[in-house]
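Take a moment to look over the fold below. We will walk through it together, one part at a time.

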Amino acid sequence: VSAVFSAPLLGSIPVTHRGISNQVVMCTGYGKDNTSPDLIQYHPEQTVVFLMAVGRLRELSDRLKTLAGYPGDTAVGIVERAGCPDQRTVVGTLDTIADVAEEHDVRPPSTIVVGEVVRALLMDADSEDQFAGLVKGAVEASASE
């Protein structure tokens with residue numbers, strides 16, 4: 001099973017969800033010769049999963065907003081080290097996710113999920129002020145706290 005599907009689910013993010021997202025687009029973070037790949041235009045019922053893109057998260061977020069028409073408040077989740085004992089899930093919006101990831105020192109391997117499905121299982125959609133930061137830490141760390 002591809003990380004496109006497994007990593008988000010391990011981080012409690014479905015890639016599709018009835019009434020929220022009916023499309024999944026998979027992209028790489030780097031194109032040929034280290035270029036940025038072409039971006040799919042924004043659609044509110046679409047989920048975009050980026051592999052190998054955490055190293056250019058700020059650029060990717062900016063490009064999604066300026067070139068692909070994504071609203072700045074679009075939900076973003078990053079599942080770091082999916083399936084490993086030290087897996088973490090970090091969330092924010094296109095406007096905040098680069099700073100949140102930097103604050104939590106998010107590193108590869110990480111899978112980035114862009115779209116409202118990020119909110120589906122993780123957070124109460126009415127509590128926008130809480131929608132940033134570390135949602136799920138490492139299993140061992142949470143068990144010892």
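In helix H2 (residues 57-68), the buried residues are Leu57, Leu60, Ser61, Arg63, Leu64 and Ala68; buried means under 20% relative accessible area, exposed over 50%, and partly exposed in between, with a 1.4 Å probe and protein chains only. Helices (H or I, at least four residues) and strands (E, at least two) are DSSP runs, numbered from the N terminus. Seen down the axis of H2, the buried residues fall within an arc of 165 degrees, so they line one face of the helix; the arc is that of the directions from the helix axis to the C-beta atoms. An α-helix has 3.6 residues a turn, so residues three or four places apart point the same way. On the other side of H2, Thr66 and Leu67 are exposed. Just after the helix comes Gly69, with a positive phi of about 75 degrees.

A word on what you are looking at: this is a predicted model, in which local features need pLDDT of at least 70 and side-chain atom pairs count only at pLDDT 80 or more, while totals for chains, interfaces and linings use all residues. Residues are numbered from 1 along each chain as its sequence is written, and side-chain values use heavy atoms, with hydrogens and water left out.

What covers the buried residues of H2? The cover includes strand S2 (46-51), strand S3 (75-80), helix H3 and strand S5 (110-114).

Gly11 lies in the loop between helix H1 (3-10) and S1, and is buried, with a relative accessible area of 0%. Gly11 and Leu121 are 110 residues apart in sequence and 9.7 Å apart in space, C-alpha to C-alpha.

On a 1 Å grid over the protein atoms alone, a cavity is a set of points where a 1.4 Å probe fits but cannot get out, and a pocket is an open set with protein on both sides within 12 Å along at least five of seven lines; lining residues have an atom within 4 Å of a point. Grid points are joined across faces, edges and corners, and a volume is the space filled by probe spheres set on the points. A search of the whole structure finds one cavity of 30 Å³ or more. The largest cavity has a volume of about 50 Å³, and H2 gives the most to its lining, with three residues. The largest pocket holds about 210 Å³ of space. H3 (97-103) and H2 each supply at least two residues of the pocket's lining, and the largest share, three residues, comes from H3.

Technical notes. Contact = heavy atoms within 4.5 Å.
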